[in-house]
Amino acid sequence: MPAVRTQYVCQQCGGASPKWAGQCPTCGAWNSLVETAAAPRTASRAPSAARAVAGATAIIPIGAVESAEASRVPSGLGEVDRVLGGGFVPGSIVLFGGDPGIGKSTLLLQLAARLAERGLPVLYVTGEESAAQVRGRAERVGAVVDGLQLAATTDLDIALAAIESSTPALAVVDSVQTLTSGELSGPAGSVGQVREVASRLAEAAKGGGTCVALVGHVTKEGTVAGPRTLEHLVDAVIYLEGERLGTTRLLRAAKNRFGSTDEVGVLEMRGDGLSEVADASRFFLESDETPTAGAAITIALEGTRPLAVEIQALCAPAGYGSPRRATTGVDANRVLMLIAVLARHAGLNLTGHDVYVNVAGGLRIDEPAADLAIAMALASSLRERPVRAATVLAGEVALSGRLRAAARAERRLLEASRLGFERLVTGPARGGEGQPPGLVVARDIRDAVGIALEG
Ligand code: TYD
Ligand code: MG
């Protein structure tokens, strides 16, 4: 069969050209042309579109449209459902991205088995590993169950045929980077191939009412296409994150047509696969021992869920040259800003110190309410005095040194008390009077240092 006609489409402006070029002839962008299948898709779509318009089925009352909520398929892991928005939606395609080795195959094999155990037909297409390797992992995580079918192939057409013939409730495709379409000449993992694989699978999902869970490795920009290339082709993008050597794994939605993107799922990698943690809110606390200098606890709000998190800081006298500032889990620029605010408005000068900030447990916190805990961890390390016992901090720090209450401070306080903390230090709420007991308001950063640090 001759290779189907392809064209090179600019990823910036959408302009097409028959030949590859380093620069887009239409808009002048560099390295933006991607090989894309041209003719057959439009040819096959045109008549059906015409039919749809002619037929009465094109127009229906909104009330008669079947709700996706009713048909959601729970995944079997509550933390995954939380991020998906309640379960898999039939006819949708979900991309599970993450670094190689983080546990994507493990997670999806477990989900596949949980569904199969409930009597739903499930297909696991493996292009990355042999069927025997998948079986080996399945033994480890208890996924050798009836109703879970394997197909080992790297050929997109074979994978699609397998999905079509078995019409599974869930089809896992592991991974988008290993499947190839014979219609394109590019190698497996090239931008053109992964886009073709994802869009054909998306069509198959819609057509058959199957939910396709597509695995994609996050890769360095360049020769191999990563999940970013695919975000607009799929209904949801879920990232599995964590430090490879640690055991905590976080699930986050970068895009979700069927749910919120704020929710985070917390999982733990164990010898028998990924499992849910008993009390996620307590999970990120290092220990409940006596407070040490350089550690401050905040209650972060990840979606609707409050999580108690320890922020650690180390301020050590710097050697020669400019001092080091290194952060994990918080925004480095935010830390630089807090260092400047502490110097200017609290008299805590860190210019001669190397500064390291870390969030315990591998969590990443982006909300401004973490400011106060970061600043107090820094102050605590510099002063070598621990933060007061049974105290958590949540508030935004302004350049002026003033503080602002954390959003939904009362929800955070409630969670703090549940975990045994006695007070939440925050900033003044706008127009807010009548504080609940346990809420301690600091006016500015200097005030907060006085309240938060011992002695
Ligand atoms: P894997 O699912 O193969 O990662 P990915 O598909 O994202 O590349 O997981 C690989 C790692 O997970 C590997 O280093 C071993 C570890 N692991 C466990 O710790 N426990 C288990 O039960 C399994 C199956 C894997
Ligand atoms: Mg894998």
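This is a short tour of a predicted model, stop by stop. Local features need pLDDT of at least 70, side-chain atom pairs count only at pLDDT 80 or more, and totals for chains, interfaces and linings use all residues. Residues are numbered from 1 along each chain as its sequence is written, chains are lettered from A and ligands numbered from 1 in the order in which they are written, and side-chain values use heavy atoms, with hydrogens and water left out.

**Stop one: the ligand.** Select ligand 1. It has 17 residues around it (a heavy atom within 4 Å). Gly101, Ser105, Thr106, Arg270 and Gly273 come nearest.

Now show the backbone. Look for polar contacts, pairs of N or O atoms within 3.5 Å. A backbone N or O atom of Gly273 sits 2.7 Å from a ligand 1 oxygen. For Gly271 the distance is 2.9 Å. For Gly103 it is 3.0 Å. Taken alone, ligand 1 exposes 560 Å², and the protein buries 78% of that (Shrake-Rupley method, 1.4 Å probe).

**Stop two: the cavity.** A cavity is a set of points on a 1 Å grid, over the protein atoms alone, where a 1.4 Å probe fits but cannot get out. The count is one cavity of 30 Å³ or more. Select its lining (an atom within 4 Å of a point), including Arg72, Phe88, Asn256 and Phe258.

**Stop three: the cysteines.** The whole structure holds zero disulfides (cysteine sulfur pairs within 2.5 Å).

How values were computed:
1 Å grid on protein atoms, 1.4 Å probe; cavity = no way out; pocket = protein on both sides within 12 Å on 5 of 7 lines; lining within 4 Å. Points joined across faces, edges and corners; volume = space filled by probe spheres on them. Polar contact = N/O pair within 3.5 Å; in protein donor to acceptor, adjacent residues only side chain to side chain.
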